Amino acid sequence: MTGTFTLRDYAQQKGFNERFINMLGMGDDARGVTIPYFDENHQTVAVRCRHAPGAENRFTWKTGSAIIPYGVWIPGNRSNQQIILVEGESDAQSMWQMSLACLGIPGAASFKKEWVAKYIKNRPVWIHVENDAGGQTFVTRTSQLLREGGHTGPICRFSCADIDKRCKDLSDLYLTLGPKEGRTLIVKEMNKNLPTHVKPKPVASESLPVYRPSEICDTLLEKPVMVLDNTLSAGLCLLAGAPKKGKSWLAMDLALCVAQGTPCLNRATRQGTALYLDLESRQYRVKERLAALHEGTLPDDLYITHRAPRMDEGLVDALGEFVSQHPDTRLIIIDTLARVKSPGTGGENVYEADTRIMGRLQAFALDHGLCLLLIHHLRKSSGGFKETDVYERVSGSTGLTGVCDCVLILDGKRQESEAQLYVDGRDIPPVQLALDFDKGKWTLLSEDGEGYRDGTAYDASPLPRALKNLMDGKDKWEGRPADLAGLLEEASSGACSLNARDVYRSIEKILPELREREGITAKNVYMKGSRVIRLARTDAPGTQDTDGERNEEPMLLPEAAGDVPEQAAGAKPMENALPQSVGEESRERAPFDESWFEPVEYTGPENAWA
């Protein structure tokens with residue numbers, strides 16, 4: 001049973017007024033809201049219906065729809081010197097409200113390379129990417145088809161999640177910040193992501209390219225991208241830990257997450273090809289680890305090998321050949337460094353050899369804009385001596401850690417599941433995380449690892465406070481793990497960020513104290529084939545402190561955006577045929593106000609990439 005969904009509901013949900021909706025020619029349908037697509041001549045070529053929550057499909061197309069980008073009838077979207085591409089109509093409408101020219105692409109799989117010559121040309125293109133797997137698919141596929149369609153201009157990406165972590169998409173940003181502040185911060189974020197490069201100008205000699213500081217003061221310089229947010233950047237990185245502590249499990253999980261564009265340790269990843277040189281294992285062990293870490297179809301962008309040449313036998317050349325065949329490579333893991341490290345040359349001491357070897361690997365990583373992560377060991381404690389700096393325990397000379405752009409230390413006793421992950425880097429603030437290892441999977445216990453280690457994990461964690469805020473004034477709450485994860489992040493102003501699959505496990509770890517100190521209990525049950533989490537006050541009437549399921553229907557859950565894939569050509573058609581012209585529409589459209597569009601100046605190079 002589904003409810004009604006009207007034009008007024010849509011306008012209130014998106015924060016639009018009636019005049020703006022009237023300009024767009026939108027109307028009501030028996031099953032939802034109709035969104036017409038007009039061509040350059042204002043002829044209706046497609047109509048999409050957005051259905052009520054709970055419908056079998058969120059979107060359907062009217063019979064005869066010829067899908068084109070949403071907004072091509074607006075002259076400003078054709079005449080602006082640059083264009084923004086977003087996913088969906090509501091995001092495009094929100095951008096128009098913020099005075100930004102943009103075209104809406106109906107879904108991640110709907111972009112056609114034939115659109116390049118007709119609608120995009122060779123204008124600089126910005127693509128908005130939502131911070132999830134679907135968003136990564138959208139930007140990757142759209143960028144590829146832009147190039148295949150002959151686009152030679154710059155292609156840049158930006159994300160509203162980098163502006164405000166509470167916002168999943170541009171509609172959220174518009175509602176949260178309003179049109180004026182939203183536009184200001186979007187333009188700032190877009191310009192921050194320009195693929196600008198500074199080419200040093202040689203003064204005295206080509207062998208020593210120098211430049212004056214004044215030449216870069218007013219230039220936007222590109223920084224190394226974050227492959228794992230606030231943890232691993234492009235460049236040379238090192239992950240060191242005690243033998244058999246789970247370094248390879250963490251490395252495999254990281255490779256999987258980067259290949260899929262999914263979070264790792266509650267941190268966002270930059271999606272791309274991942275190459276894992278698993279030089280201390282074999283296929284049967286990889287199969288076992290993948291089965292423990294991943295459910296469903298494995299990503300095609302993850303590659304694994306168990307053989308590789310050493311540094312003095314052509315390792316860098318072999319890696320370069322792989323990257324040339326997979327230009328979207330974001331992560332290469334070498335497990336372990338000792339398997340590829342070549343001995344020093346005559347006359348070199350250990351420090352000099354380590355600096356030379358690591359320097360060559362660092363240059364390779366930075367030149368290709370990827371993260372090269374080396375798995376290494378911590379040295380054993382000698383004679384009871386305990387280093388005051390955990391980074392001093394890395395096996396080898398200080399040349400190893402000195403060259404690296406990021407260093408991660410996984411510290412903990414082998415027989416214990418918990419560990420501390422120390423993170424430090426040139427472009428990353430130092431942090432100490434508390435992790436837990438269970439059935440092959442590392443999960444984040446606390447961002448304050450030191451506080452957790454000292455026995456204050458409950459007070460240091462944002463989870464209890466988020467649950468307390470969520471349950472304020474309520475006797476119970478019931479819903480899906482994904483919904484609970486989103487509400488907890490909202491209730492903590494972004495401090496409590498959990499994956500849907502980890503949310504109950506995290507609550508379970510603090511459940512005794514949560515029940516005692518906050519009077520809140522939680523249960524994880526299955527109802528009609530779906531997993532549901534129940535929160536309740538221990539003093540609420542009828543609260544059962546058992547693990548048994550109650551014979552009742554779950555609360556009605558609103559449909560979350562993205563639960564049902566976007567539908568393009570071939571979707572279940574609507575009953576009414578497509579009208580042939582605007583004149584056949586049931587409502588008159590006011591002229592679109594072109595004064596809303598204000599140009600965003602592009603200052604990037606002629607040739608760039610997403």
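**Ground rules.** I am working with a predicted model, where local features need pLDDT of at least 70 and side-chain atom pairs count only at pLDDT 80 or more, while totals for chains, interfaces and linings use all residues. Residues are numbered from 1 along each chain as its sequence is written, and side-chain values use heavy atoms, with hydrogens and water left out.

**Sheet.** I looked up the strands (DSSP runs of E, at least two residues, numbered from the N terminus, as are helices, H or I, at least four). Four of them form an open, antiparallel sheet in the order β1-β2-β3-β4; pairing requires at least two DSSP bridges between two strands. β1 (27–29) and β4 (59–61) each have a single partner strand, so one side of each lacks a neighbour in the sheet. From one strand to the next, the twist averages 35 degrees.

I found seven bridges between β2 (residues 32–38) and β3 (residues 44–51), which pair in the antiparallel sense. Ile 35 stands opposite Arg 48 in β3.

**Helices.** Next I checked contacts (heavy atoms within 4.5 Å) and angles (0 to 180 degrees between N-to-C directions, with axes fitted to C-alpha atoms, for helices over the stretch in contact). Helix α1 (residues 7–14) packs on the sheet and touches β1, β2 and β3, at about 80 degrees to β3. Helix α4 (residues 89–97) also packs there, touching β2, β3 and β4, at about 70 degrees to β2.

**Cysteines.** How many disulfides does the structure hold? I got zero, with a disulfide being two cysteine sulfur atoms within 2.5 Å. For Cys 160, the nearest cysteine sulfur is that of Cys 167, 5.8 Å away.
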